[in-house]
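Welcome to this short briefing. Please take a look at the structure below, and then we will walk through it topic by topic.

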Amino acid sequence: MTDAAPALDLDGLLRRLHLPTVRRLYPELAHRAEGESLAYREFLAVLMAEEVAHRAQTRIQRCVHRAHFPFLKTVDEFDFTFQSGVRLSLLGSALSADFITQGQSLIFSGPSGTGKTHLAIAIAYRAIQNGFDALFTTATALIEDLSAATRGQAPPGPAHLHAPGRARDGRGRLSRLRPDAANVLFQVVNDRYLHHRPMIFTTNKPLAAWGRVLHDADLAEAILDRVLERGRHLELRGRSYRTRHAPLDLTPASEPPSPGPARISGNHRPEFSEPTDLAERGARDL
């Protein structure tokens, strides 16, 4: 009569193999397998499938954290009935793995609140689900980080060249970019273009205005030339989704004709009024 084989420390072995999901599920599943007479192969397949699914979800969560999204949105959450300027069919290729492997690009332009950022994040999130990395950044942060690196200073964030990025110009920040902004941004775009890396841009500036914003019309044209060679420009239109519930009437109300010049504090209004600060600011912005 032979001696019985020593009992294996299964829990310890699973710890050493770094299989936390299998370690957590196998006692319950083993009990179920005995009751349902599961074959060994089926029992093992279920455990491995659970481990793979858990690792995939953990990787997605880790990549989303590294992407620095300001919020997380999916394409299923986008209201295509409100935003008629873009259709789901137009985004088909951008939601596939080919968008990454072929180094394609997208530019979303349009007024604030029309869904540009939502779509950019949704596409980047789908890329993460497809097994790739992504990174959300602003043009200002990107240019400042790379300029600091050029000056020999360590940039304060992750390396922006390793993943799809996003350039935006909220609250006029692009209008205050440093004079070498076009050259720095061109180096980023050109590097990604040469290595077939994807890019997504969102902007509320028309493409024709990029030269003025970047202080260099020639480099702005070179940037757009590279982005659009393997990319598309989608223009979003309409009202802001954020204020969809607020009735907005932006038509100035007409005033009844006055029989004579208005008087303020006893003074007659001049025939040709002086421009206000607001008017001067508006003229400079045109």
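A residue is called buried when its relative accessible area is under 20%, exposed when it is over 50%, and partly exposed in between (1.4 Å probe, protein chains only). This is a predicted model, in which local features need pLDDT of at least 70 and side-chain atom pairs count only at pLDDT 80 or more, while totals for chains, interfaces and linings use all residues. Residues are numbered from 1 along each chain as its sequence is written, and side-chain values use heavy atoms, with hydrogens and water left out. Helices (H or I, at least four residues) and strands (E, at least two) are DSSP runs, numbered from the N terminus.

**A covered strand**

- Strand β1 spans residues 105-109, and five of its five residues are buried.
- In a regular strand, side chains alternate between the two faces of the sheet.
- In β1, one side carries S105, I107 and S109 and the other carries L106 and F108, and all of these are buried.
- Two strands count as paired if DSSP finds at least two bridges between them.
- β1 runs parallel to strand β2 (residues 199-203), with five bridges joining them, and S109 stands opposite T203 in β2.
- β1 also pairs in the parallel sense with strand β3 (residues 231-235), over five bridges, and here F108 stands opposite L234.

- G115 is found in the loop between β1 and α5 (116-129).
- G115 counts as buried because its relative accessibility is 17%.
- Contact means heavy atoms within 4.5 Å; leaving aside residues up to four places away in sequence, G115 touches F78 and L236.
- G115 and V86 are 29 residues apart in sequence, and their C-alpha atoms are 9.8 Å apart in space.

**Nonpolar cores**

- A nonpolar core is a set of buried Ala, Val, Leu, Ile, Met, Phe, Trp, Tyr and Cys residues joined through side-chain atoms within 4.5 Å.
- Which residues have the most contacts inside the largest nonpolar core? They are W210 and I223, in a core of 20 residues.
- α6 (139-150), α7 (181-194), β2 and α9 (217-229) each supply at least two residues of this core, and α7 gives the most, with seven.
- I223 touches A182, L185, F186, V189, W210 and L214, again not counting residues up to four places away in sequence.
- Apart from this core lies another, of 18 residues, among them V75, F78, L119 and A122.

**Salt bridges**

- A salt bridge is a side-chain nitrogen of Lys or Arg within 4 Å of a carboxyl oxygen of Asp or Glu; by this rule the count comes to five.
- E36 and R32 meet in a salt bridge (3.4 Å, N to O), and both lie in helix α2 (residues 20-36), four residues apart, about one turn of the helix.
- R55 and E51 also form a salt bridge, at 3.1 Å from N to O; because they are four residues apart in helix α3 (residues 40-67), about one helical turn separates them.
- Is E51 buried or exposed? E51 counts as buried because its relative accessibility is 3%, whereas R55, at 45%, counts as partly exposed.
- R66 forms a salt bridge with D133, the closest N and O atoms being 3.5 Å apart.
- R66 lies in helix α3 and D133 in the loop between α5 and α6, so this pair ties together parts that are 67 residues apart in sequence.
- D11, R15 and R23 are linked in a network of salt bridges.
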